[in-house]
Amino acid sequence: MKKFILCAIAATCLLSCQCGQGKKEQSASQTVIENIKTRVSVRQFTDQKPSDEQIQTLLECAMAAPSAVNKQPWLFCVVDDAELLRQIGEQLPNTRVQNNAQVCFVMCGDLRKTLEGEGQEFWIHDVSAATENLLLAAHSMGLGAVWCAMQPSEERIGKLRNILSMPSYLVPLCVVPVGYPAEQPAVKDKWNTENIHYNAF
Ligand SMILES: Cc1cc2nc3c(=O)[nH]c(=O)nc-3n(C[C@H](O)[C@H](O)[C@H](O)COP(=O)(O)O)c2cc1C
C-alpha cells in the first residue's frame, strides 16, 4: 500500500510537471497577445527616467523590426538632454514631451540607405514597424509611450531639424516620448467586423 501511494505521488508530480511545461508555453504566447491588446498611448509621465538598460532594450526591439529587402534604412536618435527636450516640448506640443518626458526617441528614415526608385518610400513602412515594436516593448516593461507624427508635416520636420541640427538625409517619421506613466488611460476596444473582408470584393 505504501509503495502504491509513493508511485501515485511520483506519477502525479511527473504529470503536473509536464502539464506545467505546456502551460508555460501557452502563457508566453498569451502574454505577448495580452501585451499587444492592452497597449495604449500614454501622454503624461512621472519624474522617473527609464534606465539605460531599458533604453538599450527599446532600441534593440526597434531594430528587430522587418524592413523591405532588409535595408534597415533607419536611425533612432535618443534625446535625454533637458534643454533639447524643453525645446521639443515647447515648439512641437503634439509630441507631448512637455508632459514631463525625460527621454524621447526620434524615429528617422535614413535616405542614404533606402531602396532605389519606387521602393524608396518603403522607409516609411520600415520605420513604422520599428516604432510599433518600440511601443509594444515599452508597454511590456511597464513604461508608457505615444507615437507622435512628424512626417509628412514639413513644418514639424523643419522645427525638429533645427532643434537637433539634423542632417538633410534624415527624415523624422515620428517622436516617441517614453517614461513611467502618470496616467492610466483605458484600453480602447477597436474590434470591428466591418473592417474585415474575406476573399474577392
Ligand atoms: C501615425 C500616427 C500619428 C500619431 N500622432 C500623434 C500625435 O502627434 N500626438 C499624439 O498625442 N498622439 C498621436 N498618435 C497616437 C494616436 O492618437 C493613438 O494611437 C490613437 O488615438 C489610438 O489610441 P491608442 O494608441 O491608445 O490605442 C499618433 C498615432 C499614429 C499611428
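Me: Which residues are around the ligand?
Reply: This is a predicted model, where local features need pLDDT of at least 70, side-chain atom pairs count only at pLDDT 80 or more, and totals for chains, interfaces and linings use all residues. Residues are numbered from 1 along each chain as its sequence is written. A residue is near a molecule if its C-beta atom, placed from the backbone, lies within 6 Å of it. The residues around the ligand are Val40, Ser41, Arg43, Asn94, Arg96, Val146, Trp147, Cys148, Ala149 and Lys188.

Me: How many residues of each class does the shell around the ligand have?
Reply: Ala, Val, Leu, Ile, Met, Phe, Trp, Tyr, Cys and Pro count as nonpolar, Asp, Glu, Lys and Arg as charged, and the others, Gly among them, as polar. By these classes, the ligand shell has five nonpolar, two polar and three charged residues.

Me: What pattern does the protein chain follow along the sequence?
Reply: Helices (H or I, at least four residues) and strands (E, at least two) are DSSP runs, numbered from the N terminus. The protein chain has five helices and five strands. Read along the sequence, they give α-α-β-α-β-α-β-β-α-β.

Me: Among contacts in the protein chain between residues at least 6 apart in sequence, what share joins residues at least 24 apart?
Reply: Two residues are in contact if their C-beta atoms, placed from the backbone, lie within 7 Å. Of the contacts between residues at least 6 apart, the share joining residues at least 24 apart is 80%.

Me: What percentage of the 201 residues in the protein chain is buried?
Reply: Burial is a count of other C-beta atoms within 10 Å of a residue's own, with C-beta atoms placed from the backbone: 20 or more is buried, 12 or fewer exposed, in between partly exposed. For the protein chain, the buried share is 25%.

Me: Are H3 and H5 roughly parallel or roughly antiparallel to each other?
Reply: Axes are lines fitted to C-alpha atoms, for helices over the stretch in contact, and angles run from 0 to 180 degrees between N-to-C directions. H3 (residues 82-91) and H5 (residues 154-164) pack at about 165°, with axes 10 Å apart. Angles under 35 degrees count as roughly parallel, over 145 as roughly antiparallel, 65 to 115 as roughly perpendicular and the rest as oblique. H3 and H5 are therefore roughly antiparallel.

Me: Which residues make the contact of H3 and H5?
Reply: The contact has four nonpolar, two polar and one charged residues. H3 gives Leu84, Gln87, Ile88 and Gln91, and H5 gives Lys159, Ile163 and Leu164.

Me: How is H2 placed against H4, oblique or roughly parallel?
Reply: The axes of H2 and H4 (residues 122-140) come within 7 Å and cross at roughly 140°. That angle makes H2, relative to H4, oblique.

Me: Which residues of H2 and H4 meet?
Reply: By class, the H2 contact with H4 has eight nonpolar, two polar and no charged residues. From H2 come Thr57, Leu58, Cys61, Ala62 and Met63, and from H4 come Ala130, Asn133, Leu134, Ala137 and Ala138.

Me: Is Val69 buried or exposed?
Reply: Val69 is in the loop between H2 (52-63) and S1 (74-79). Its phi is positive, about 55°, although Val69 is not a glycine. There are 11 C-beta neighbours inside 10 Å, so Val69 is exposed.

Me: Where is Ser165 found?
Reply: Ser165 has a positive phi near 50°. With 7 other C-beta atoms within 10 Å, Ser165 is exposed. Its place is the loop between H5 and S5 (170-179).

Me: Which peptide bond is cis?
Reply: Most peptide bonds are trans. Pro152 is in the loop between S4 (148-149) and H5. With omega near 10°, the cis bond runs from Gln151 to Pro152.
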